[in-house]
Amino acid sequence: MSSTRNIEPKAINLTIDGKACSGVFGQTILEIARENDIYIPTMCYLTKTLPIASCRMCVVDVEGVDGLILSCQEKATDGAVINTNNDELFKERQNIMKLYNVNHPLECGVCDKSGECDLQNKTMEFGVSAQNFTTKEPHRPVQNWGVVSYDPALCIMCEKCVRVSTEITGDEALKVKFGGYSSTIINVKEDANYKTLGEAAAVCPVGALVDTSFKYRANAWELTQIPSSCPHCGAGHDVTYELRHGKVYRVTNQAEFSTLCSASRYGFDFDNKNVKKDVSSFNSAVKAFENAGTIIFSNETSNEEALIFQKLKEERGYQLISSEARAYQKFMAAYGSVTGKSLASGTLEKLSKSRAIIVMGTRINDDAPIVKYHLNMASKWQNARVAYMHPIADDEINNIVTQFIKYEAGSEEGVAALLVETLLKSAELPESVRAVLDDLDIGNLSAESNVGEEELETLEKSLIKKVGYSLVVGSDLYAHPRAENIAKLLALLEKYAGFNVICVPPAGNAMGISLICNLDDEVEGSTIGYNVQGDFTLSALGAGDLDMPALNQQEGTLTALTKRVVPMNVVLEYGGYVLNDIANALGLDAEYTINYTQELPTSKGFKAVEFDSLPDYFDAVGTEHRGYLLNEVEMAVDETIEEPAEMDAFDGTVVYNCNPQEHFSAFTAKSKNLEQNAFLVGSQQFATAAKLTDGDKISYTIDNVQFERVFKIDTSLKGTIALNPTFDMGLSSALISSYRFNQVEIERVGS
């Protein structure tokens with residue numbers, strides 16, 4: 001099974017505004033113009049979606065062709081001579097702007113978009129100083145859609161918001177209601193209150209769609225912009241915090257090219273406020289470190305802080321415990337022992353261009369929204385087949401999933417073996433690997449996992465003649481008792497079938513931690529907790545023994561699931577001690593935490609680059625220049641795989657640790673814009689099996705952490721596994737690190 005076809009793109013040459021330009025066959029005139037720094041005005045065009053072609057601002061003149069050409073849609077041809085600006089084009093664009101301005105309310109003084117409005121800018125650019133005609137304006141009241149509000153009177157019907165909702169985020173909430181001059185945008189899923197609509201507001205060129213929390217609070221020119229990276233979801237995407245008087249008013253991004261998760265767009269108020277240096281507590285912290293045997297820390301730890309912990313381990317012999325990162329570390333080590341590479345091959349760009357995708361071991365819509373967005377892109381752009389393999393169906397991705405394969409909780413090793421045997425039947429494999437696959441008891445594995453052989457046949461047939469295969473796996477697998485054999489099995493698909501494989505790291509900076517630290521499995525002696533409950537606790541959440549800064553209060557870097565090391569900047573002030581102060585008191589020597597940026601281990605793929613030298617921008621065509629990509633490191637190859645072990649059945653009351661899409665940790669739980677109740681949510685079938693009724697107050701324990709929840713029935717869920725959020729558990733959140741499916745004993749509490 002081959003997943004790629006290497007076709008060399010055909011080079012073309014053309015002339016734009018007298019400048020010799022080159023490109024490749026298939027590129028549009030607009031794309032090549034932008035690559036050559038030639039300006040063509042647009043209103044509806046959005047680089048990250050398919051061309052919309054509703055505004056006609058991008059028209060150009062092509063010699064030898066009658067009429068004006070839409071440069072956003074027209075493919076460039078070899079030898080073409082193109083003019084992007086002349087009197088005819090200027091007049092055409094001026095008339096378009098006059099149409100846009102028909103009855104557009106002149107409320108720039110109070111409009112939230114004023115100062116960053118495309119309509120304002122291009123009205124001035126094309127000299128529209130008077131309006132010669134008008135039309136009767138229908139009554140169109142402002143609508144509140146939860147996190148965003150919509151003012152139809154300001155809408156210019158560019159349809160960017162609809163394209164983002166359909167092609168990128170996949171919520172499919174926004175549609176066009178056609179009616180000539182009375183056309184409008186409608187929200188067909190108002191009850192869902194999708195926070196992904198923030199992305200639709202971000203691309204709105206006027207003030208029609210605005211974040212409700214920002215509306216009427218500040219003008220764009222009053223805000224100071226501080227670029228950074230997402231500290232929550234693990235994707236490390238660009239984030240720009242916009243401040244006034246030392247307070248974050250909103251979060252934006254380079255919306256032309258990139259997309260935010262909802263957690264970073266709305267979960268910006270997680271800083272540790274009003275902290276001053278407490279000398280007594282600091283001295284106690286140093287003493288605690290001197291006596292401790294173990295440091296336990298959460299995923300909300302920068303690369304530089306992780307390196308400090310590693311250096312302290314080397315100096316003082318600490319055990320380092322970061323359970324989710326450790327599970328990912330072991331999984332990737334086993335994976336790399338098959339591929340011979342330290343990193344999985346996968347990229348999000350390849351994922352969005354795939355035509356056949358398998359997702360296994362992750363509730364992807366909630367675990368990794370940015371990855372889900374790229375799945376949606378593949379579905380919308382490539383008509384991709386998407387097979388979703390999981391014990392729990394997810395209605396939120398029904399619009400992109402073409403085959404749902406339900407397997408039993410705990411059976412992931414058997415499922416991986418079945419998948420590999422199905423997809424590598426005709427592949428040339430090492431004799432030892434082929435022997436294991438040939439010896440599999442397919443009937444028994446199928447029965448134990450509840451994955452029918454006919455389902456696998458359907459999957460196999462759906463991939464035939466497809467080009468570009470991707471496999472996305474996630475956190476369900478990393479803490480599985482047989483995680484390392486699962487990793488080796490799945491790595492065979494990259495090595496011998498050319499799959500674009502993405503091993504989604506746990507949220508936060510788990511990937512960076514796993515690369516930097518030599519992590520341990522067992523606690524020894526007294527513990528220091530870093531944003532985790534320990535015998536002595538350093539906390540950016542409060543309720544600790546010594547305050548620490550949150551990630552939006554410090555400089556440093558994160559390692560994103562895109563394998564990119566990205567910079568964070570100080571957004572909000574912090575007056576207390578930082579980890580580097582304690583490290584220096586213990587014998588290390590660095591003036592600032594970011595002095596460690598250039599010391600990140602090159603043996604693990606990092607580069608010796610100073611923090612202040614890290615780039616942080618997108619160029620005119622959307623190429624990302626943020627930080628740097630990790631180098632791939634060669635690993636010793638050991639393709640020894642084992643037959644799946646007999647699985648333990650998950651009987652009784654089973655819950656699945658899974659946060660809702662906007663939440664990833666105790667830090668997102670602090671955000672006022674993301675306030676959400678943490679219920680145990682299950683189906684009516686689960687309620688019956690657990691003898692619960694809607695609204696029951698219950699208690700249960702996972703990993704020695706006690707949960708007290710209210711149980712809620714969700715009629716969209718099916719099966720006998722309930723969803724258990726962990727984001728509200730404060731300093732206990734990072735202690736919940738076992739396999740995500742847990743059999744628990746539920747007790748009713750209170751009345």
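1. Residues E412, E413, A416, A417, L419, V420 and L423 of helix α13 are in contact with N485, I486, L489, L490, L492 and L493 of helix α18. Sorted by class, this contact between α13 and α18 contains 10 nonpolar, 1 polar and 2 charged residues. The model is a predicted one, and what follows should be read with that in mind.

2. On the geometry of this pair: α13 covers residues 412-423 and α18 covers residues 483-497, and the two helices pack with axes 9 Å apart at an angle of about 20°. Because that angle is under 35 degrees, α13 counts as roughly parallel to α18. The crossing of α13 and α18 is left-handed.

3. L471 belongs to strand β19, residues 469-473. Its relative accessible area is 0%, so L471 is buried. Apart from neighbours within four places in sequence, L471 is in contact with I358, L490, L493, F499, N500, V501 and I502. E396 is 75 residues from L471 in sequence, and the C-alpha to C-alpha distance between L471 and E396 is 19 Å.

4. Helices α4 (residues 160-168) and α12 (residues 369-382) have axes 7 Å apart and pack at an angle of about 100°. The range for this category is 65 to 115 degrees, and α4 and α12 are therefore roughly perpendicular to each other. On the α4 side the contact uses T166, E167 and I168, and on the α12 side Y373, N376, M377, K380 and W381. By class, the contact of α4 with α12 has 4 nonpolar, 2 polar and 2 charged residues.

5. K48 sits in the loop between α1 (29-35) and β3 (59-62). Is this lysine buried or exposed? K48 has a relative accessible area of 9%, so K48 is buried, the cut-off being under 20%. The side chain of K48 makes a polar contact of 3.1 Å with the side chain of T259. Not counting residues up to four places away in sequence, K48 touches V164, I168, E199, V203, A255, E256, F257, S258, T259 and W381. Two of these, I168 and W381, also take part in the contact of α4 with α12.

6. N531 is in the loop that lies between β21 (527-530) and β22 (536-539). With a relative accessible area of 4%, N531 is buried. Which backbone atom lies 2.8 Å from a polar atom of the N531 side chain? The backbone nitrogen of A540 does. Leaving out residues up to four places away in sequence, N531 touches S298, E300, L538, S539, A540, L541, F667 and L731.

7. The last pair is α2 (residues 87-100) and α3 (residues 118-125), whose axes come within 10 Å and cross at roughly 135°. That makes α2 oblique to α3. The crossing of α2 and α3 is left-handed. F90, M97 and Y100 of α2 make the contact with L119, K122, T123 and E125 of α3. By class, the contact of α2 with α3 has 4 nonpolar, 1 polar and 2 charged residues.

Technical notes:
Residues are numbered from 1 along each chain as its sequence is written. This is a predicted model: local features need pLDDT of at least 70, side-chain atom pairs count only at pLDDT 80 or more; totals for chains, interfaces and linings use all residues. Side-chain values use heavy atoms; hydrogens and water are left out. Axes are lines fitted to C-alpha atoms, for helices over the stretch in contact, and angles run from 0 to 180 degrees between N-to-C directions. Helices (H or I, at least four residues) and strands (E, at least two) are DSSP runs, numbered from the N terminus. Angles under 35 degrees count as roughly parallel, over 145 as roughly antiparallel, 65 to 115 as roughly perpendicular and the rest as oblique. A crossing is left-handed if the near helix is turned anticlockwise from the far one by less than a right angle, and right-handed if clockwise. Contact means heavy atoms within 4.5 Å. Ala, Val, Leu, Ile, Met, Phe, Trp, Tyr, Cys and Pro count as nonpolar, Asp, Glu, Lys and Arg as charged, and the others, Gly among them, as polar. Buried means under 20% relative accessible area, exposed over 50%, partly exposed in between (1.4 Å probe, protein chains only). A polar contact is a pair of N or O atoms within 3.5 Å; within protein, one must be able to donate a hydrogen and the other to accept it, and residues adjacent in sequence count only if both atoms are side-chain atoms.
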